[in-house]
Amino acid sequence: MTRTVYELGERPPMGVVPEQMYASVIRPSRYGPPEKAFQVERVDTPRVGRGQVLVMVMAAGINYNNVWSALGSPLDVVAMRGKRGDTTGFHIGGTEGSGIVWALGEDVRGVKVGDEIVISGVVWDEHAWDVRLGIDPMSSASQEVFGYETNYGSFAQFCVLEDYQCHPKPPDLTWEQAACYVLTGATAYRQLCGWEPHVVRPGDPVLIWGGSGGLGSMAIQIVRIRGGVPVAVVSSAERAEYCRKLGAAGVINRREFDHWGRLPDVTDAEASARWMQGVRGFGRKFWEIVGERRGPRIVLEHSGQDTIPTSMYVCDPGGMVALCGGTTGYNGDLDLRHLWMRQKRLQGSHCADLREAREVSALVNAGLLDPCLVPCGDLSDVGTTHQLMYENANPPGNMAVVVNAEPGSRN
Ligand SMILES: NC(=O)c1ccc[n+]([C@@H]2O[C@H](COP(=O)([O-])OP(=O)(O)OC[C@H]3O[C@@H](n4cnc5c(N)ncnc54)[C@H](OP(=O)(O)O)[C@@H]3O)[C@@H](O)[C@H]2O)c1
């Protein structure tokens, strides 16, 4: 007989779905610092719909988006879904992970019960008109981030996926390694290789903010794989060392500069001169590392308000700043003169499509891209790991927790 719930680490017989499961849950009454907002609770196991797959989660990757879910800001995800008729009243986050396909809805294609998979973290409506008319699904009005904008993400014993979110797990990886790289790896890959003609070519200098972070650690390696010259920005000697080991040609410690934040008003000559002195010093540091007076052809941006004026200024004429986030704020100032006179491009970039997710997995599977796993405990540690991220105190690399797997196991 099926039990109502199985303890973490226990596996029901293959394909048997218990009525309830454990999950790390956020409720609006707990919105605030992540270490308090997430709590392990017992909730009903979600049911799958048409085209959907229930996955037993073995391990889950930790990402910045669920810091925001925990805070309830800038988006109150529970309220947003409530407006669409979702009556759960809670959020189970988790945009990436690894696991075993456990049950199938109607019309599922390409996966079967028992398949070992990794999750790609974006969903869209395959029947949406813009998708049917051929738009990149990442630009579809129906596109949403799984386990952030949608409920029942990977911080639970079971999660609900669209069938196309399942990708074969690289067999040699542990469950935690497999859980930690798709989101940051594929997002960095799209920023660096997805926006022709601004794709990394051999010899291209690339500036990477937060080089030891999730995106940064993936970006340094991807630039190297493509023959580019990665220059990382960090805030400590320890993080600098980590970036060098991953292949950074050089590292800039942002603590040596203080021109961060919004641009001074152009009419304030004194403040503008001070800002210019700071940004030029930063640019000279970049030239020293690449060995010529050449700015980055691509800048990998995600820090946002504090750094975007610098990114736009130091970017080479005709180059591109590809931005996928705004951790430090959303008001991105830029001096328009530099944009048009130097014909620079500011490109928004969000997650990745299925091909990009597969290509990143192929690089990992081939041993060319290290997933940079930081093992961080189990489901009860989801809150503290997000808290570390919120405080910019997380260790270098990509954090993951085990959910149903034994730490370090492969199947
Ligand atoms: N749109 C998407 O698809 C997508 C996907 C993944 C991530 N993101 C976003 O990208 C951002 C970074 O994600 P992540 O996973 O790489 O996070 P992470 O692992 O926490 O790394 C972020 C890095 O940013 C750096 N940083 C912090 N404050 C900074 C500041 N004031 N100026 C410059 N750098 C600063 C930190 O490095 P130092 O302190 O050493 O400089 C840190 O290592 C988050 O906002 C996340 O939501 C977006």
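A residue is classed as buried if 20 or more other C-beta atoms lie within 10 Å of its own, as exposed if 12 or fewer do, and as partly exposed in between, with C-beta atoms placed from the backbone. The structure is a predicted model, in which local features need pLDDT of at least 70 and side-chain atom pairs count only at pLDDT 80 or more, while totals for chains, interfaces and linings use all residues. Residues are numbered from 1 along each chain as its sequence is written.

Of the 411 residues of the protein chain, 48% count as buried. The radius of gyration (taken over C-alpha atoms) is compared with a globule rule of 2.2 Å times the number of residues to the power 0.38. With 411 residues a compact globule would have a value near 22 Å, and the 22 Å of the protein chain agrees with this. The C-alpha trace spans about 75 × 45 × 45 Å along its principal axes. The protein chain contains 13 helices and 17 strands, where helices (H or I, at least four residues) and strands (E, at least two) are DSSP runs numbered from the N terminus.

The domain assignment, from an automatic or database source, gives domain 1 (20-181 + 371-402) and domain 2 (185-348). Their C-alpha centres lie 29 Å apart. Eight residues of domain 1 are in contact with nine residues of domain 2, contact meaning that the C-beta atoms, placed from the backbone, lie within 7 Å. The UniProt record, an unreviewed entry, lists residues 32-401 as "domain: Enoyl reductase (ER)"; UniProt annotations may be inferred rather than shown by experiment. Over residues 32-401 the chain is 32% helix and 21% strand.

The ligand is surrounded by 31 residues, of which Tyr-64, Gly-210, Gly-213, Gly-214 and Gly-325 are the closest; a residue is counted as near a molecule if its C-beta atom, placed from the backbone, lies within 6 Å of it. At least three residues of this shell come from each of domain 1 and domain 2. Helix H6 (182-193), helix H7 (214-225) and strand E11 (229-234) each supply at least two.

In helix H13 (residues 382-390), the buried residues are Val-382, Gly-383, Thr-385, His-386, Gln-387 and Met-389. These pack against several elements, including strand E1 (20-26), helix H2 (65-71) and strand E17 (398-402). Asn-392, with a positive phi near 50°, follows H13.

Several loop residues were also examined. Pro-202 is found in the loop between H6 and strand E10 (205-208) and counts as exposed because it has 8 C-beta neighbours inside 10 Å. Leaving aside neighbours within four places in sequence, Pro-202 is in contact with Gly-227 and Gly-228. The C-alpha atoms of Pro-202 and Gly-228 are separated by 4.8 Å, although these residues are 26 apart along the chain. Pro-197 lies in the loop between H6 and E10, and the peptide bond joining Glu-196 and Pro-197 is cis, with omega about -5°. A cis peptide bond also runs from Ser-73 to Pro-74, with omega near 5°.

Gln-343 has a positive phi, near 50°, and is exposed, with 10 other C-beta atoms within 10 Å. Cys-351 has a positive phi near 40° and lies in the loop between E15 and helix H12 (354-365). Cys-351 is buried, with 21 other C-beta atoms within 10 Å.

Methods. Contact = placed C-beta atoms within 7 Å.
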